[in-house]
Amino acid sequence: MARSKQVASGHHGIWKYFNPAYYLRRPRRLALLFFLFLSVSMVVWDRQTLSRDYQLEVSKLNEEVLRLQLLLEDVKSVVAEDVSVNSTLKDVQEDPVDAQRMQRVKEAMLHAWSSYEKYAWGQDELQPQTKDGVDSFGGLGATMIDALDTLYIMGLDEQFQKAREWVATSLDFDKDYDASMFETTIRVVGGLLSSYDLSGDKLFLDKAKDIADRLLPAWDTPSGIPYNIINLRHGNAHNPTWAGGDSILADSGTEQLEFIALSQRTGDPKYQQKVEKVISVLNKNFPADGLLPIYISPETANPSHSTITFGAMGDSFYEYLLKVWVFGSKTLSVKHYRDMWEKSMNGLVSLVKKSTPSSFTYICEKSGNSLSDKMDELACFAPGMLALGASGYDDPAEAKKFLSLAEELAWTCYNFYESTPTKLAGENYFFNSGSDMSVGTSWNILRPETVESLFYLWRLTGNKTYQDWGWNIFEAFEKNSRIESGYVGLKDVNTGVKDNKMQSFFLAETLKYLYLLFSPTTVIPLDEWVFNTEAHPLKIVPWNDQGNLGQSTAVQQRKPTIRLRQRRIGRMTNK
Ligand code: DMJ
């Protein structure tokens, strides 16, 4: 009984502390309890805040570490390059502004490349906003292959070697995919051949042959004008339905350089024969003004009633007429290319008009007999082409006339950029009496044509203004198109709203031409190399006058021309 009383009073002893009355009678204890409660809450609250802050700090530090790692990677290659590039550059690169600009463009290439490497490795194109890749060309590693020679020319050896390994181990053309033979030729065949010409690495030639063999059946048509789409695994070819069964002029006449080069380097004439037939077939009924509509029948080789343009779907057909002539060492065997080109340039002159009030020279499009005052930015390759071809005229007055036209058109194209709020050009322009030019389709997808022309004009005239214009365009890309994870186009050059695509030609062409605009002129000299329409330089090798290339030429080309470790600025020259 005594024991149970004790237990009861013991319970009472503990529970009394939970009874508020107990504290009301003892104010000092109440104060102590309140103080204790306050201290514990503060400690708990403080620890929670501390741990939240700590986590925030840790994640910030992680981000910073990542950023610094990336930066270090960039700096390592730039510094390594600086040391080697500058030590050999001293002799040739006299202008410090050019040297600085070259490095800035190279840094831009590194940014584009490391973003591709990080988010879209092996895929066709990077989508920088969503930080992923997209296979827009059937999964052929379009950006990888398009960028190879740019990496090589810029001396980004580590990056080039890593990409080369991917080509060796992962590039597979055996795909059940309906490929555009034009895009596949200019990007993949051209990119691989150019890498072969620069490095002498036979892997690239073997791969070029593999993909070209898959494209060849596209030329098996009644007329020899190719179908423009072909399945890479099964070889069945057709034309896009939207072209009403016809082939497209540019798509059908822009494989000559690549396939001729392939025949030269392999010693197998079959590639050259297919593409040269296209030109001789078109030459049979070539119009007096040298202008062909954009749709041609693969059955009869007859042009159908359609637009004539130096912009989309016409452009590179005219470009290749001139470039095959240069690539063929301007010999008799390629004279018909030059003749056709000169006719076409007279045709081009017939499309030229001047705007009011500022007198911008522009190239119209033509439908039937009427001209429309519209010019694509794509047609801005024409000033470069005209400058390249001008010196080939026998008559000095003609040479002067076409070079002047090139310069006038380049001024117009530069103003396509200058006239917008972002200083980036729209896709096409309309010319209106009294108000010069206005943007039509207002996107910019990082296209290269204007900087390409500025590169040719700088190389061929030595006028530094073209370098300055190119620099302004580069800065506009840096300002509007560069984001943390690559470069994007603009949906609208007036507002600057961004899209989600880093086009492979930005690395193949835009950045390469910009880099070469500030490089010594001995880097890829124009009398030794010809750029395909995707800016892949192909080495000019001797032709005989029949245009045949024997085994000896092929063997000669297989020798490594330029060794990677020795290659630095100025190495792409035999001088
Ligand atoms: C490139 O693929 C080539 O330059 C082609 O000839 C035209 N279009 C793009 C770049 O704008």
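Phe 34 counts as exposed because its relative accessibility is 53%; the classes used here are buried for under 20% relative accessible area, exposed for over 50%, and partly exposed in between, with a 1.4 Å probe and protein chains only. This is a predicted model, in which local features need pLDDT of at least 70 and side-chain atom pairs count only at pLDDT 80 or more, while totals for chains, interfaces and linings use all residues. Residues are numbered from 1 along each chain as its sequence is written, and side-chain values use heavy atoms, with hydrogens and water left out.

Phe 34 is placed in helix 3 (residues 27–92). Helices (H or I, at least four residues) and strands (E, at least two) are DSSP runs, numbered from the N terminus. Together with Phe 37, Leu 38 and Met 42, Phe 34 forms a nonpolar surface patch with about 470 Å² of accessible area. Patches consist of residues with over 30% relative accessible area and no salt bridge, with nonpolar side chains (Val, Leu, Ile, Met, Phe, Trp, Tyr) joined within 5 Å and like charges within 9 Å.

**The chain as a whole**

The secondary structure of the chain comprises 19 helices and 18 strands. Of the 575 residues in the chain, 56% are buried. Among contacts (heavy atoms within 4.5 Å) between residues at least 6 apart in sequence, 69% join residues at least 24 apart.

**The disulfide**

The structure contains one disulfide, defined as a pair of cysteine sulfur atoms within 2.5 Å. Cys 380 and Cys 413 form this link, with their sulfur atoms 2.1 Å apart. The pair connects distant parts of the chain, 33 residues apart: Cys 380 lies in the loop between strand 12 (374–376) and helix 14 (382–390), and Cys 413 in helix 15 (residues 396–418). The link of Cys 380 and Cys 413 is left-handed, with -90 degrees about the S-S bond, and both cysteines are buried. Cys 364 also counts as buried, because its relative accessibility is 1%.

**Salt bridges**

A search of the whole structure finds 32 salt bridges, each being a side-chain nitrogen of Lys or Arg within 4 Å of a carboxyl oxygen of Asp or Glu. Examples are tabulated below.

| Salt bridge | N to O distance |
|---|---|
| Arg 164 and Glu 165 | 3.3 Å |
| Asp 213 and Lys 270 | 3.5 Å |
| Glu 365 and Lys 374 | 3.3 Å |

Arg 164 is buried because its relative accessible area is 19%, whereas Glu 165, at 40%, is partly exposed. Asp 213 counts as partly exposed at 29% relative accessibility, and Lys 270 counts as partly exposed at 31%. Both Glu 365 and Lys 374 are buried. Salt bridges that share partners also join Asp 174, Asp 210, Arg 214 and Arg 233 into one network.

**The annotated position**

In an unreviewed entry, UniProt places the feature "binding site" at Thr 533; UniProt positions are given in the numbering used here, feature names are shortened, and annotations may be inferred rather than shown by experiment. Thr 533 lies in the loop between strand 17 (529–531) and strand 18 (537–539). Thr 533 is buried because its relative accessible area is 13%. Not counting residues up to four places away in sequence, Thr 533 touches Ile 186, Thr 254, Ser 316, Glu 319, Tyr 320 and Glu 509.

Note on methods
Areas by Shrake-Rupley, 256 points an atom, 1.4 Å probe, with all protein chains shown as cover.
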